[in-house]
Amino acid sequence: MKYILVTGGVISGIGKGIIASSVGTILKSCGLHVTAIKIDPYINIDAGTFSPYEHVVPHITDAIQEWVVKQARVPVEDDDVEPQVCVIELGGTVGDIESMPFIEAFRQFQFKVKRENFCNIHVSLIPQPSATGEQKTKPTQSSVRELRGLGLSPDLIMCRCSTVLENSVKEKISMFCHVEPEQVICVHDVSSIYKVPLLLEKQGVVSYLSRRLNMPIETRPRKMLTKWKEMSDRSDRLLEQCSIALVGKYTKFSDSYASVIKALEHSALAISHKLEVKYVDSAHLEPSTLQEEPVKYHEAWQKLCSADGVLVPGGFGVRGTEGKIHAISWARNQKKPFLDANSTEFDPESKHPVVIDMPEHNPGQMGGTMRLGKRRTIFKTNNSVLRKLYGDAEYVDERHRHRFEVNPELKSHFEEKGFRFVGQDVEGERMEVIELDDHPYFVGVQYHPEFTSRPMKPSPPYLGLLLAAAGKLQSYLQKGCRLSPR
């Protein structure tokens with residue numbers, strides 16, 4: 001097993017995730033089996049229950065090294081082959097107190113697995129102040145020096161910069177960070193993140209990693225990378241546009257819905273449309289906002305009404321719930337394409353509970369009580385739109401993260417009104433997928449389909465939303481779920 005650790009310096013949000021994904025993509029295009037691990041330096045009994053606006057204190061267990069080795073060997077491909085390479089993204093910034101225990105764990109880890117099986121990619125910022133226009137290397141020098149002081153030595157320094165890295169700057173980083181010039185990689189701003197793997201491949205990252213980690217690399221033409229280039233080039237030539245109103249609670253921080261946004265982008269690119277996401281704070285759609293802040297109320301409704309489709313992602317707690325219901329009701333009545341990707345119950349004292357606690361859920365306890373991970377959903381009907389979008393599959397395996405379920409006692413009541421539960425769990429006890437009759441596209445799912453979306457294999461529920469929003473869903477279904485030649 002080969003391990004590639006991706007760390008970051010100077011600032012957070014520098015692009016470690018994109019770099020890690022891009023490295024994995026180009027290695028996979030070489031015929032290697034690649035897996036990935038993301039480590040965030042936050043902990044709670046269930047860190048997933050925090051608001052995206054919050055940060056928490058760090059903690060680490062002694063078993064992280066063994067855990068990494070165990071997780072790295074779990075097959076992630078359909079062929080169940082054990083991965084050969086594990087790309088590990090360490091969240092946060094080198095020097096932050098939250099990251100310290102993890103840095104120390106990997107300092108020890110590099111000796112445990114031996115040098116030929118471990119390398120470090122450090123992502124750092126090269127600022128370019130507008131006053132002088134000069135690319136500055138001091139932040140990167142400081143970041144690398146701090147990383148070395150903690151016991152890790154970068155093999156590749158990925159320089160994030162707004163413009164192409166000047167040769168003199170590259171040589172300066174090489175000299176003062178103790179690496180060869182070929183180990184300094186320029187990652188300048190590009191029109192699409194899908195160009196980053198090609199940027200790395202062009203600068204010899206694959207050949208370097210092949211030598212450094214003694215990895216077998218196929219010499220034949222890489223079909224996957226060719227398709228990737230076609231996709232990234234197409235992203236620059238999109239003319240038609242499609243807008244989606246994302247109605248949620250954490251819209252001030254777009255990263256709160258990173259997976260959802262990516263799933264939308266994958267689907268929009270697949271149908272050759274530019275994506276415009278209109279962020280709508282669900283609380284601003286509520287009548288109380290009309291009384292208190294009428295400008296925000298009308299702006300929110302204007303965004304919603306002008307969108308081609310509506311998406312309501314998952315959320316916890318009572319705040320903004322009424323606004324979400326107003327958005328859903330509007331999408332239903334206006335025949336606007338709509339997707340609900342997981343929701344929860346909000347009034348525990350309701351006399352007519354539509355959504356209830358799962359039997360295994362301990363009421364009142366938030367942490368560690370979710371139904372998590374990959375679960376199977378069985379389609380109960382042949383004429384389901386979502387079933388067709390999944391390639392007429394009898395079942396799908398998707399990732400779950402919830403602690404509530406639709407009250408099965410109300411199933412027949414809803415279906416009499418044209419609200420059909422077309423997908424259920426293996427036991428037939430949990431309602432997994434709903435569709436509304438006489439509507440262009442009104443779909444709700446219990447699971448999180450965005451987690452399995454990929455650039456060249458978009459999530460079917462999201463693809464259906466974008467197709468419906470662009471007015472192409474029926475044509476797509478009639479063609480046997482095949483997109484027209486591009």
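## A guided tour in your viewer

The pair α2 and α3 forms a right-handed crossing (right-handed if the near helix is turned clockwise from the far one by less than a right angle, left-handed if anticlockwise). This is a predicted model, in which local features need pLDDT of at least 70 and side-chain atom pairs count only at pLDDT 80 or more, while totals for chains, interfaces and linings use all residues. Residues are numbered from 1 along each chain as its sequence is written, and side-chain values use heavy atoms, with hydrogens and water left out.

**Stop one: α2 and α3**

Select residues 64-72 for α2 and residues 100-113 for α3; their axes come within 9 Å and cross at roughly 65 degrees. Helices here are DSSP runs of H or I with at least four residues, strands are runs of E with at least two, and both are numbered from the N terminus. Axes are lines fitted to C-alpha atoms, for helices over the stretch in contact, and angles run from 0 to 180 degrees between N-to-C directions.

Now show the side chains. On the α2 side you will find I64, Q65, E66, V68 and V69, which meet F102, A105, F106, Q108, F109 and K112 of α3. Contact means heavy atoms within 4.5 Å. Colour this contact by class and you get 7 nonpolar, 2 polar and 2 charged residues (Ala, Val, Leu, Ile, Met, Phe, Trp, Tyr, Cys and Pro count as nonpolar, Asp, Glu, Lys and Arg as charged, and the others, Gly among them, as polar).

**Stop two: the sheet**

Next, bring up the open sheet of 6 strands, with parallel pairing and the order β2-β3-β1-β4-β5-β6. Two strands pair if DSSP finds at least two bridges between them. At the edges are β2 (34-39) and β6 (184-188), each pairing on one side only. Neighbouring strands are turned by 20 degrees against each other on average, direction ignored.

Zoom in on β1 (residues 2-8) and β3 (residues 85-90), which run parallel and are joined by 5 bridges. Pick K2, and opposite it in β3 you will see V85.

**Stop three: α9 and α15**

Select residues 258-270 (α9) and residues 460-469 (α15), whose axes come within 9 Å and cross at roughly 55 degrees. The two helices are therefore oblique to each other (under 35 degrees counts as roughly parallel, over 145 as roughly antiparallel, 65 to 115 as roughly perpendicular and the rest as oblique). The crossing of α9 past α15 is right-handed. Show V260, A263, L264, S267, A268 and A270 of α9 with Y462, L463, L465 and L466 of α15 to see the residues that make the contact. By class they are 9 nonpolar, 1 polar and no charged.

Is H178 buried or exposed? At 61% relative accessibility, H178 counts as exposed (buried means under 20% relative accessible area, exposed over 50%, partly exposed in between, with a 1.4 Å probe and protein chains only). Look for H178 in the loop between α5 (167-176) and β6. Its phi is near 60 degrees, a positive value in a residue other than glycine.

Move on to D438, in the loop between β16 (431-436) and β17 (442-445). D438 is not a glycine, although its phi is positive at about 55 degrees.

Finish at D233 in helix α8 (residues 223-234).
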